[in-house]
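Please open the model in your viewer with the sequence panel alongside, and keep a selection tool ready. The stops below follow one another as a series of selections, each with a note on what is there.

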Amino acid sequence: MKAAFYEKQGDAKTVLQVGALPDPMPGPGEVRVFVRVSSVNPTDLKARAGYGGAPMAFPRIVPHQDGAGIIDDVGEGVPASRIGERVWLYEAQAGRPTGTAAQYTIVPAERAVPLPDNVSFETGACLGIPALTAHRCLFADGDVRGKRILVQGGAGAVGTAAILLAKWAGAWVATTISRPEQANIAKEAGADLVINRRTDDISTVIMMATGGGGIDRIVEVDLAANIQTDLLCIATNGVISSYAAADPKEAVALPALKAMLKAVLIRFVFVYSVPSDAKQAGVDALTKCLQAGAYAPAIAARYSLDEIAAAHEAQESGKLIGKILVTTD
């Protein structure tokens with residue numbers, strides 16, 4: 001099969017290779033998927049670059065956790081009826097050497113989720129990490145129907161997913177952006193209020209929009225930078241869910257008394273550590289959202305497998321708005 005891979009960590013152009021690797025065969029409880037579309041996530045870049053000093057987990061790695069395609073073979077214990085099933089994939093490379101940046105990949109059967117017929121492979125490839133992260137941030141503390149949500153960084157992959165899921169679930173959603181061109185992405189996802197963090201006073205706008213009631217749950221992309229603003233915006237007994245850190249040594253200066261007086265819960269979300277039952281709840285919710293036609297992610301660019309280094313560089317640049325996809329044909 002044709003695949004992208006790296007055998008040492010470093011810059012995309014330096015270490016990423018594209019070549020022929022043996023076709024994988026599914027073992028017990030596994031399925032083989034003919035990958036149609038793979039997507040790039042920050043975690044893929046961090047693993048390739050050795051973020052935080054993390055070493056290579058395997059001598060050779062085929063990157064990418066997320067993707068979508070068609071099951072074409074199954075291992076022992078998996079019903080043969082799944083052959084031919086359209087699926088989206090999550091955590092394809094978690095604890096394994098091979099991800100979705102290849103024509104074929106092997107995953108545990110439960111990580112290949114049926115993709116509704118009304119949903120494209122491209123949309124399916126955009127789910128995985130961002131959608132499951134967003135679901136955990138939003139729903140770890142119960143239903144959001146009727147709640148007020150603030151999504152910090154609403155034009156990012158997780159941010160957009162959080163807006164889409166929160167609106168589908170019946171919440172009122174405000175979001176922040178940092179560039180005018182990001183506003184359209186947030187609005188198209190369904191945000192009720194878009195705030196430019198460069199030109200607007202976020203907490204003033206939020207308090208005016210909520211009649212002084214504040215925000216019930218915040219989906220936070222940069223807790224260290226935004227904690228002061230979050231505490232001004234949050235309602236009593238509100239929840240701040242933080243899912244990202246720009247620097248592995250980053251520390252958060254928390255005004256403890258201010259947080260205590262509002263009885264704020266600060267939750268840290270790392271998708272690979274989400275309990276299995278909560279992750280399955282996310283998968284189930286996403287299936288319903290997809291079936292309802294309510295999940296439409298923004299796609300910034302498409303690259304071929306031969307162009308995977310350029311795809312990684314595009315993700316690293318931060319200039320594109322939306323998901324970056326890699327097609328394997």
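Axes here are lines fitted to C-alpha atoms, for helices over the stretch in contact, and angles between N-to-C directions run from 0 to 180 degrees. Helices (H or I, at least four residues) and strands (E, at least two) are DSSP runs numbered from the N terminus. The model is a predicted one, in which local features need pLDDT of at least 70 and side-chain atom pairs count only at pLDDT 80 or more, while totals for chains, interfaces and linings use all residues. Residues are numbered from 1 along each chain as its sequence is written, and side-chain values use heavy atoms, with hydrogens and water left out.

**First stop: two helix pairs**

Select helix α2 (residues 42-49) together with helix α11 (residues 308-317), whose axes come within 10 Å and cross at roughly 110°. The two helices are therefore roughly perpendicular to each other, a label for angles of 65 to 115 degrees, where under 35 counts as roughly parallel, over 145 as roughly antiparallel and the rest as oblique. Show side chains and you will find Pro42, Leu45 and Arg48 of α2 meeting His312, Gln315 and Glu316 of α11, where contact means heavy atoms within 4.5 Å. By class, this contact has 2 nonpolar, 2 polar and 2 charged residues; Ala, Val, Leu, Ile, Met, Phe, Trp, Tyr, Cys and Pro count as nonpolar, Asp, Glu, Lys and Arg as charged, and the others, Gly among them, as polar.

Next select helix α4 (residues 128-139) and helix α5 (residues 157-168), which pack at an angle of about 55° with their axes 8 Å apart, and which are therefore oblique to each other. On the α4 side the contact includes Pro130, His135 and Phe139, and on the α5 side it includes Val158, Ala161 and Leu165. The residues of this contact divide into 11 nonpolar, 2 polar and no charged.

**Second stop: the cores**

A nonpolar core is a set of buried Ala, Val, Leu, Ile, Met, Phe, Trp, Tyr and Cys residues joined through side-chain atoms within 4.5 Å, buried meaning under 20% relative accessible area, exposed over 50% and partly exposed in between (1.4 Å probe, protein chains only). Of the 49 residues in the largest such core, Trp88, Leu138, Ile149, Val219, Leu286 and Tyr295 touch the most other members. Elements that give two or more residues to this core include α4, α5, β8 (148-151) and α10 (276-291). Apart from it lies another core, of 24 residues, among them Phe5, Tyr6, Ile61 and Ala314.

**Third stop: single residues**

Move to Thr175, found in strand β9, which is buried with a relative accessible area of 0%. Leaving aside neighbours within four places in sequence, the contacts of Thr175 include Leu150, Gly153, Ile163, Ala186 and Val194.

Then select Ser81, in the loop between β4 (66-74) and β5 (86-89), which is exposed at 64% relative accessible area.

Two residues remain for a backbone check. His64, in the loop between α2 and β4, has a phi near 90°, a positive value in a residue other than glycine, and is buried, with a relative accessible area of 0%. Asn237, in strand β12 (residues 234-242), likewise has a positive phi, of about 65°, although it is not a glycine, but Asn237 counts as exposed at 57% relative accessibility.
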